[in-house]
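Subject: Structure for you to look at

Hi,

Here is the structure I promised to pass on. Please open it beside this note, and the findings follow below.

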Amino acid sequence: MENKVLIKLIVPELDKSFDVYIPVNELIWKIKKLFLKSISDLTNIEIDLEMDYLLLNKDTCEVYTNNNLIIDTNIRNGSELLFLRRL
């Protein structure tokens with residue numbers, strides 16, 4: 001499991017959280033797309049996949065940019081990330 005980290009994904013819009021393993025060698029935008037599809041499947045709620053979402057660290061309030069690799073961020077095992085719809 002050296003190539004994955006376990007994070008807690010918090011989705012305030014749905015008042016839900018999920019424990020998720022994410023690969024460290026993926027780009028943020030790909031991970032966000034994966035989150036959208038997974039949340040839609042798990043909750044049976046239609047989510048507009050074209051909407052823009054923010055991924056940010058709950059503790060540091062750092063907003064992650066789409067073209068960063070997970071390994072190049074401060075996302076580590078146990079990180080709590082907020083998944084918010086951009087207005």
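Start with Leu84. Neighbours within four places in sequence aside, Leu84 is in contact with Pro12, Asp52, Tyr53, Leu54 and Leu56. Leu84 sits in strand β4. Its relative accessibility is 28%, so Leu84 counts as partly exposed. Buried would need a value under 20%. Bear in mind that this is a predicted model.

In sequence they are 75 residues apart. In space their C-alpha atoms are 10 Å apart.

What does Leu9 touch, once its neighbours within four places in sequence are left aside? Leu9 is in contact with Lys16, Ser17, Phe18, Val20, Phe35, Ile39, Leu55, Leu81 and Phe83. Leu9 is also among the residues with the most contacts inside the largest nonpolar core.

Helix α1 gives the most, with 5 residues.

Now the helix itself. α1 runs over residues 28-43. Its 16 residues should span 22 Å at 1.5 Å a residue, and the end C-alpha atoms are 22 Å apart, so the two agree. The buried residues of α1 are Ile28, Ile31, Lys32, Phe35, Leu36, Ile39, Ser40 and Thr43. In an α-helix there are 3.6 residues a turn, so residues three or four places apart point the same way. The cover over the buried residues of α1 includes β1, β2, β3 and β4.

Thr43 deserves a look of its own. Thr43 lies in α1. Is Thr43 buried or exposed? Its relative accessibility is 15%, so Thr43 counts as buried. A polar atom of the Thr43 side chain lies 2.6 Å from the backbone oxygen of Ile39. Beyond its neighbours within four places in sequence, Thr43 is in contact with Leu14, Lys16 and Phe18.

Finally, check what comes after the helix. Asn44 follows α1, and its phi is positive, near 55°.

Best wishes

Terms used: Residues are numbered from 1 along each chain as its sequence is written. This is a predicted model: local features need pLDDT of at least 70, side-chain atom pairs count only at pLDDT 80 or more; totals for chains, interfaces and linings use all residues. Side-chain values use heavy atoms; hydrogens and water are left out. Helices (H or I, at least four residues) and strands (E, at least two) are DSSP runs, numbered from the N terminus. Buried means under 20% relative accessible area, exposed over 50%, partly exposed in between (1.4 Å probe, protein chains only). A polar contact is a pair of N or O atoms within 3.5 Å; within protein, one must be able to donate a hydrogen and the other to accept it, and residues adjacent in sequence count only if both atoms are side-chain atoms. Contact means heavy atoms within 4.5 Å. A nonpolar core is a set of buried Ala, Val, Leu, Ile, Met, Phe, Trp, Tyr and Cys residues joined through side-chain atoms within 4.5 Å. The expected span of a helix is 1.5 Å times one less than its number of residues.
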